[in-house]
Amino acid sequence: MSDGDVGNADCDVNFSYILPVVQQTFMQRYFHTSTVVSKVQSGRYKITINRNKPLTYEMANPPHYIAHRKSWNSWNTSNIKDGNRPSETATEDMFIRKFMWGTWPNLFASEVIIKRQHNIIRIAGIITRTLTPYKIYFLIGYTEELLSYWLQCPIKVELVTIDNKKQMIFKYI
C-alpha cells in the first residue's frame, strides 16, 4: 500500500462514522409528533360574563353553517374557459375589499360581498347614513369607474343604508 491508499482508507472510515450521525440529526430535526386535539374553536366567539358583546347575524352563526344559514362573502361564478385562476380572483377580491374600506371610511356596517357573474363584478354591502346622498352617489360612481378601469370589467356597486350600526346587532353573547 502506498501513502495515498492509506489516506483514502482513513477518509472512508471517517465518512462511515459521520454519515449515520448526520442522518440521525436530520431525522430528529424534521420529524415531529403531537397529540390530536379535536376541539372546534376557530370562528366562534367567546361568551362574556355579562353577555354584553354584540354580534351581527354573520358573526352569530358558527362556521359549519356557512352553506346552510349564511352565504359566502365571495361568489365566483365565472367558470368559463380561459377565466381567471383562483389566485388572481383571490388577489382581486382582497384588492376590492381594501379599496372599499379605504374609499368608504367607517361607513360599512357589514362585510363587503363580492359576486362575479360572467364578466361583471357586483359589490354589495350595508352602510350607515352619515354622509349626504349626493356624496354617496359620488362615491358610488367614483368606485365603479376606478375599479372598472383597473379590473377591466364592468363593476356594479349595490348598497343598502341603515341609520346606525346598532341596527346590525343580531344578539348579545
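User: Why is W150 called partly exposed?

Analyst: W150 has a relative accessible area of 43%. Buried means under 20%, exposed means over 50%, and partly exposed is in between (1.4 Å probe, protein chains only). So W150, at 43%, is partly exposed. This is a predicted model: local features need pLDDT of at least 70, side-chain atom pairs count only at pLDDT 80 or more, and totals for chains, interfaces and linings use all residues. Residues are numbered from 1 along each chain as its sequence is written, and side-chain values use heavy atoms, with hydrogens and water left out.

User: What makes F99 and W150 an edge-to-face pair?

Analyst: Their ring centres are 5.6 Å apart and their planes stand at 90°. Rings of Phe, Tyr and Trp (its six-membered ring) pair if their centres lie within 6.5 Å; planes under 30 degrees apart are stacked, over 60 edge-to-face, the rest tilted.

User: Is F99 buried or exposed?

Analyst: Its relative accessibility is 13%. That is under the cut-off for buried, so F99 counts as buried.

User: How many aromatic pairs are there, and why is F95 with W150 edge-to-face?

Analyst: The structure holds 7 aromatic pairs. F95 and W150 have ring centres 5.7 Å apart and planes at 70°, so this pair is edge-to-face. F95 lies in helix α3 (residues 86–103) and W150 in helix α4 (residues 133–151), 55 residues apart. F95 is partly exposed, with a relative accessible area of 35%. Ring pairs also build a cluster: F95, F99, F138, Y142 and W150.

User: How do you know that R116 and E92 form a salt bridge?

Analyst: The closest N and O atoms of R116 and E92 are 3.1 Å apart. A salt bridge is a side-chain nitrogen of Lys or Arg within 4 Å of a carboxyl oxygen of Asp or Glu. The distance passes, so R116–E92 is a salt bridge. R116 lies in strand β3 (residues 113–117) and E92 in helix α3, so the pair ties together parts 24 residues apart in sequence. Both ends are buried: R116 at 7%, E92 at 18%.

User: What else does R116 bridge to?

Analyst: R116 forms a salt bridge with D93, and the closest N and O atoms are 2.8 Å apart. This links strand β3 to helix α3, 23 residues apart. Both R116 and D93 are buried. The structure holds 4 salt bridges.

User: Which residue does E158 bridge to?

Analyst: E158 pairs with R122, at 3.0 Å between the closest N and O atoms. E158 is in strand β5 (residues 155–162) and R122 in strand β4 (residues 120–128), so the bridge ties parts 36 residues apart in sequence. Both are partly exposed: E158 at 29%, R122 at 22%.

User: What makes T128 buried, and which residues does T128 contact?

Analyst: T128 has a relative accessible area of 4%, so it is buried. T128 is found in strand β4. Contact means heavy atoms within 4.5 Å. Leaving aside neighbours within four places in sequence, T128 contacts N106, L107, A109, I162, D163, N164 and K165.

User: How much of the chain is buried?

Analyst: Of its 173 residues, 24% count as buried. Among contacts with a separation of 6 or more, 61% come from residues 24 or more positions apart.

User: How many helices and strands are there?

Analyst: The chain has 4 helices and 6 strands. Helices (H or I, at least four residues) and strands (E, at least two) are DSSP runs, numbered from the N terminus. From that end, the order is α-β-α-β-α-β-β-α-β-β.
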